[in-house]
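Please open the model in a viewer and keep the selection panel at hand. The tour below moves from one selection to the next and states what is found at each.

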Amino acid sequence: MANVNLRDVRKIYNQTQVIHGVNVDIDDGEFVVLVGPSGCGKSTLLRMIAGLEEISDGQVHIGSTIVNDMSPKDRDIAMVFQSYALYPHMTVAQNMGFSLQMRGNAKAEIRIEVEKAAKILDLEALLERYPRQLSGGQRQRVAMGRAIVRNPQVFLFDEPLSNLDAKLRVIMRGEIKALHQRLGSTMVYVTHDQIEAMTMADKIVVMRDGFVEQVGSPLALYDRPANLFVAGFIGSPGMNFLSGRYAAGAVWIGDVRFPVSDLPVSASEGRRVIYGIRPENLAISDDDGLPLVVDVIEPTGAETHVVGHISGQRVIGVFRERFATRPGDVLRVKFDPWKVHLFDQQSEQRIN
Amino acid sequence: MSAIESHRTMSAPMQSTSKLGTRLKGVALHTAVFLLCLVWFTPVLSLFVTTFRSESDSSRTGWWHAFIEWRPVLSNYVEAMYLTGVGRSVVNSIVLTVPTVLGTVLFSAIGAFTLARMRFRGRIALFLAMVGFQVLPPQLVLVPMLKFFLALGLTGTFIPVWIIEMGLTVPFGIFLLYGFFASIPSDLVEAARIDGASEPRIFLQIILPLSGAVLASLAILQFMIAWNHLLIPLIFLGSGSLSPLTVQVASLAQTNAGGLNTLTAATFISVIVPLVLIVTLQKYFVRGVLGGAVKG
Amino acid sequence: MTSQILQLVLGLLAMPAIVLAIILPGELAIRRFPQKRQSSLRPWIWLSPVLALVGLVIAYPLAASIVFSFRDATASKWVGFSNFVWAFGSAMRPVLFNNVLWIVVFPLLTAVLALSAAIMLDRVKYERIARTFLILPTAMSFVAGAVIWKMMYTYEPPMQPQTGTLNAIWTAITGRMPIAWLIDRSVNNYALIVVAVWMSIGVATLILSAGVKNMPRELVEAARIDGAGEWAIFRFVTLPSLWPTILVVLTTQAIFSLKVFDIVYVMTNGSFGTDVIANRMYTELFVKQNLGTASAIAVLLLILASPVIFMNIKQIKSGGGE
């Protein structure tokens with residue numbers, strides 16, 4: 001087990017920089033999720049930790065050693081691939097034992113380790129099968145088993161669940177988390193799915209275009225996104241953004257006053273701002289709320305999603321209660337003024 | 001398209017081609033295929049039948065008379081094997097072909113693995129050179145190779161033939177295997193690398209076991225090429241005691257020694273191994289031919 | 001005989017031994033270098049046996065042939081272009097003309113027959129068996145094919161019973177004189193080409209069959225719904241979508257026509273006006289012992305083949321190195 005530290009890590013492909021000086025500290029035993037849209041560099045970063053991509057500049061530490069020039073096999077890491085990368089011509093047991101075989105461990109010893117891992121993952125009955133005889137979820141588990149057998153300092157996961165169907169994904173999410181609690185190892189997990197990130201991580205690293213946008217615990221990211229990108233990326237349905245003007249301790253969109261309790265540290269009168277509010281922070285008010293003109297109603301059973309507009313800007317609300325309404329109706333809604341996120345329109349950074 | 005319109009256009013061809021017309025077309029098709037197969041098989045059949053006919057029968061009547069009066073003799077085979085040196089040539093053909101096939105597969109696999117799975121300067125240029133070399137006329141290599149091996153004193157052994165046959169096919173072999181090796185997911189190789197496998201181990205324990213079918217394809221193609229080649233063994237082994245079947249049969253054909261029926265028996269002996277291979281291992285042969293065709 | 005067996009064992013052991021003897025010490029040697037240096041050195045270690053082989057058998061002869069083609073019969077002095085002047089002179093002209101005939105007739109005949117076969121076989125259930133008949137000749141040596149067809153073409157004087165299959169059919173059907181297929185100058189080149197077609201159709205059909213099977217079914221069905229008949233479907237749908245594959249077959253066979261040797265060597269040895277470049281080269285080299293002219297012919301072959309070489313390279317290149 002070990003900590004992982006990235007120090008000003010850069011990746012340059014033929015003169016184009018794809019990773020721009022990333023600094024991340026991953027503590028021993030922490031579950032860290034790298035999340036971002038495709039092409040943000042999260043997989044490249046993970047592969048640099050693994051040693052599958054060269055590090056153009058900066059340093060990667062695992063434990064107390066700088067591993068930049070070490071080959072993958074010497075870094076004491078294990079990786080679970082999106083495609084699982086199981087060796088098709090080997091049985092489950094051979095797949096799981098391959099790394100120990102490479103290390104030159106004795107056959108009996110390998111057998112014990114493989115069986116131990118198989119027990120953890122409930123794979124004992126499948127040990128003599130070939131990958132092609134397994135279902136997607138079983139293959140996924142074998143891929144994890146192969147990682148466990150190595151007993152590595154750091155586990156790396158590269159979108160391990162994206163080839164599974166939605167239901168299985170939720171189950172495996174729980175299994176990986178349980179595995180982390182059981183083993184207590186450092187785990188670095190890459191995904192493009194913010195729900196996976198929110199539910200699994202101790203710490204989330206949000207990336208975009210090769211930059212780290214924000215690092216923090218899931219709830220910190222949800223409650224205080226540092227910028228417009230993170231605010232929009234975390235949460236589903238996404239945060240509502242309304243562009244307006246800051247004046248007299250509130251935001252004005254057209255002639256309508258939008259309340260803000262958590263006032264900006266510094267904001268000049270008339271500054272152009274983005275007013276952000278999560279759909280779930282809207283509430284139906286009986287009389288004095290803002291007028292939400294309904295366009296679409298989506299009842300999900302547990303909640304009611306309402307898509308509409310206020311002052312000509314699109315707003316989505318998520319309400320606990322069920323109610324009858326039709327497109328064209330006007331609902332009166334209130335925003336919780338303590339849960340408003342204000343961003344500068346120019347810099348897109350949080351200002352309150 | 002409205003429902004009525006689509007109904008009309010759909011039914012139009014059905015009305016124009018009556019049931020009888022369709023059946024006639026079917027008969028014509030099967031007849032054409034049958035005739036094609038018949039025409040293609042007749043020469044093989046004529047050879048096979050002639051090998052069992054006596055010299056006197058063959059000089060008087062065509063081979064098809066064997067179906068009228070069937071008087072098979074085995075003397076042609078006996079004569080071919082023992083009197084004309086075909087028996088020795090069978091051994092020579094094996095000595096020529098088997099190491100050639102092994103070496104070709106080995107060298108092609110290493111070359112294709114390096115070109116397909118390692119990144120280095122000059123990789124593309126080398127691969128394109130291999131594509132170009134496939135088409136080179138083998139006649140080009142004769143003079144320089146003959147001088148080279150004469151200088152080394154290796155003519156009259158199988159070594160020059162092995163080397164030249166390998167050298168002529170390896171560019172094709174690399175091309176054939178390259179496509180397959182490049183299609184092996186890189187995740188698999190990277191997983192092995194993380195698991196601690198070195199490059200030779202990745203090659204031996206991951207790539208090769210996955211490539212059985214394509215290696216077999218290359219092997220069967222090279223077997224047929226080397227087994228059937230005439231020019232190169234003719235030049236480097238001569239038509240003496242080291243001559244393989246092709247050279248032996250060609251010299252029998254040109255000198256007319258032993259007569260026509262012995263020649264047919266010798267010829268049949270020379271084709272039986274590749275014929276059995278192409279029928280039994282057709283799957284691999286087809287795969288090799290298709291994998292090697294430069295796609296448009 | 002023992003010497004042959006000894007050589008067989010030697011060959012079987014030597015092939016892997018050579019490869020291991022280069023790669024293993026090489027791998028051990030580069031272990032000492034850092035990761036990055038290793039991965040830049042490794043390809044050259046692995047490639048070295050292959051490069052040595054291809055360099056010796058292809059690259060060096062390529063260069064040497066070009067040099068020899070400008071030197072005299074024993075490669076002892078420079079003679080300028082005189083070998084090439086000879087190669088295009090009156091002695092070689094009929095030979096070159098024969099190759100032109102081969103290049104035009106052989107690929108076309110093969111492609112047309114193979115395409116018909118591929119389309120017909122696609123529609124019958126016993127395709128695999130029918131295909132086996134077509135590829136049988138492919139497995140044989142050209143020598144064997146030549147022996148077989150020499151029998152097929154056997155000529156007996158008129159009024160004698162014809163023992164050759166073709167003449168027997170010919171005289172029975174037309175009632176005319178038998179034809180000396182391999183001697184009669186108006187037919188003998190075509191007779192040789194037919195042998196080559198017989199032996200090449202299997203591979204051509206396999207390639208075209210794959211093309212036919214790769215054709216999207218919807219395309220043909222859409223055309224049929226649009227009211228196209230069988231011929232229109234062939235002309236406007238099948239042929240255009242198969243064109244790249246047909247081109248592959250045509251160029252492969254054209255290259256083969258350039259290099260054709262075995263069939264001519266065994267069946268006529270170039271007599272009766274059937275000589276071709278490759279057979280003439282063999283004659284120059286071993287009968288006339290002239291290195292210069294033989295090399296000039298080899299270089300000529302290379303020049304004639306080069307358009308196809310560059311076409312293939314271009315195609316592969318545009319395919320993204322695949």
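Domain bounds, as used throughout this tour, come from an automatic or database domain assignment. This is a predicted model, in which local features need pLDDT of at least 70 and side-chain atom pairs count only at pLDDT 80 or more, while totals for chains, interfaces and linings use all residues; side-chain values use heavy atoms, with hydrogens and water left out. Residues are numbered from 1 along each chain as its sequence is written, and chains are lettered from A and ligands numbered from 1 in the order in which they are written.

**Stop 1: the two domains of chain A**

Select residues 4-233 of chain A as domain 1 and residues 240-344 as domain 2. The C-alpha centres of domain 1 of chain A and domain 2 of chain A are 39 Å apart. Contact (heavy atoms within 4.5 Å) involves 10 residues from domain 1 of chain A and 7 residues from domain 2 of chain A.

Next, consider the buried area, which is the accessible area (1.4 Å probe) that two parts lose on being put together, summed over both. Between domain 1 of chain A and domain 2 of chain A it is about 660 Å², and carbon and sulfur atoms give 59% of this.

A salt bridge here is a side-chain nitrogen of Lys or Arg within 4 Å of a carboxyl oxygen of Asp or Glu; between domain 1 of chain A and domain 2 of chain A the count is 0. A polar contact is a pair of N or O atoms within 3.5 Å; within protein, one must be able to donate a hydrogen and the other to accept it, and residues adjacent in sequence count only if both atoms are side-chain atoms. The rule finds 2 such residue pairs (both at pLDDT 80 or more) across the interface of domain 1 of chain A and domain 2 of chain A.

Now colour by secondary structure, where helices (H or I, at least four residues) and strands (E, at least two) are DSSP runs, numbered from the N terminus. On the side of domain 1 of chain A that touches domain 2 of chain A, the elements that give two or more residues are α7 (218-223) and α8 (228-233) of chain A.

**Stop 2: from chain A to chain B**

Display chain B together with chain A; the contact takes 15 residues from chain B and 22 residues from chain A. These chains bury about 1,600 Å² between them, with 65% of it on carbon and sulfur atoms. The rule finds 1 salt bridge across the interface of chain B and chain A. Which residues form this salt bridge? B:Glu190 pairs with A:Arg47, and the closest N and O atoms are 2.5 Å apart.

Across the interface of chain B and chain A there are also 7 residue pairs in polar contact (both at pLDDT 80 or more). On the side of chain B that touches chain A, α9 (186-194) and α10 (199-210) of chain B each supply at least two residues. The largest share, 7 residues, comes from α9(B).

**Stop 3: within chain B**

Chain B averages a pLDDT of 85, and 93% of the residues score at least 70. Over residues 1-15 of chain B, pLDDT stays under 50, and the model has 5 contacts beyond four places in sequence for them. Where pLDDT is low, the predicted coordinates should not be read in detail.

Then select domain 1 (3-78) and domain 2 (83-292) of chain B. Their centres, taken over C-alpha atoms, are separated by 34 Å. Each domain of chain B gives 11 residues to the contact. Domain 1 of chain B and domain 2 of chain B bury about 900 Å² between them, 67% of it on carbon and sulfur atoms.

**Stop 4: chain C against chain B**

Finally, show chain C with chain B, where the contact takes 109 residues from chain C and 117 residues from chain B. The area buried between chain C and chain B is about 9,700 Å², and carbon and sulfur atoms give 82% of it.

Definitions and conventions
pLDDT is the predictor's confidence in each residue, from 0 to 100.
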